[in-house]
Amino acid sequence: MPRRKRKDPNAPKRAMTAYMLFSQEKRTQIKTDHPTVGFGQVGKLLGEAWAALPDGDKRKYNELAAKDKIRYQKEAAQYKEDHPESSDEEERPAKKRKKKDPNAPKKPCSAFFHFSKKMRPRIKDENPDASFGQLGKIIGEQWSKLGADERKEFETLAAADKERYAKEMKDYQAKKDSSSDSDSSDSSDSDSSSGSSGSSDSDSD
């Protein structure tokens with residue numbers, strides 16, 4: 001099995017997605033606002049913040065991602081021209097990321113996400129000059145000040161959303177398994193039909 005080629009440090013840096021650019025910009029702020037959370041939780045908070053971001057605010061990152069894609073394409077073309085041998089070397093084929101099924105159930109949201117979704121428009125109106133990071137900090141501070149009774153509303157929403165996801169996931173998996181069984185059955189019937197046809201031809205000879 002051929003070894004993966006060592007990456008050339010001079011090769012162009014791959015283009016970043018809109019979410020990657022958003023994450024890169026906001027990660028430090030999220031860590032500052034939530035100093036006790038671990039790496040995985042920071043990623044979850046970033047994902048929730050991105051999901052809650054209005055389309056108008058996402059446009060900035062989509063435009064930056066489009067520019068970065070053009071930058072990468074130009075640099076990659078120049079790199080291949082300057083290093084023609086790089087395309088001739090054997091490389092282990094990169095693993096393809098499994099495409100997300102658009103019919104798969106939407107993952108459940110946390111209690112904090114429901115709180116953030118409800119409060120963000122109001123906090124934004126009250127602080128029109130605040131940046132995204134500042135808004136996140138204000139929301140985080142307000143969340144940390146909530147008492148158990150005040151959090152119950154959002155924890156109930158999160159619990160209901162978790163149940164919704166579990167039910168939808170069960171139905172989704174059942175449909176997926178049913179579709180898989182149907183495909184296997186069709187394939188088996190086709191093979192059987194082909195075999196019968198071959199047998200008839202043999203008998204006629």
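These legends walk you through close-up views of one predicted model. Local features need pLDDT of at least 70 and side-chain atom pairs count only at pLDDT 80 or more, while totals for chains, interfaces and linings use all residues. Residues are numbered from 1 along each chain as its sequence is written, and side-chain values use heavy atoms, with hydrogens and water left out.

**View 1. Helix α2 and its buried residues**. Helices are DSSP runs of H or I with at least four residues, numbered from the N terminus. The buried residues of α2 include Leu 45, Leu 46 and Trp 50; buried means under 20% relative accessible area with a 1.4 Å probe, protein chains only. Among the elements covering them are α1 (18–33) and α3 (55–82).

**View 2. Lys 58 over a ring**. Look for Lys 58 in helix α3. Its charged end sits over the ring of Trp 50, 4.8 Å from the centre; for this, NZ of Lys or CZ of Arg must be within 6 Å of the ring centre and within 35 degrees of the ring normal.

View 3. Nine aromatic pairs are counted, where rings of Phe, Tyr and Trp (its six-membered ring) have centres within 6.5 Å; planes under 30 degrees apart are stacked, over 60 edge-to-face and the rest tilted. Phe 22 belongs to helix α1 and Tyr 61 to helix α3, 39 residues apart.

**View 4. Trp 143 and its neighbours Phe 154 and Arg 151**. Trp 143 and Phe 154 have ring centres 6.3 Å apart and planes at 70°, so this pair is edge-to-face. The charged end of Arg 151 sits over the ring of Trp 143, 4.3 Å from its centre.

Notes:
Buried means under 20% relative accessible area, exposed over 50%, partly exposed in between (1.4 Å probe, protein chains only). Helices (H or I, at least four residues) and strands (E, at least two) are DSSP runs, numbered from the N terminus. Contact means heavy atoms within 4.5 Å.
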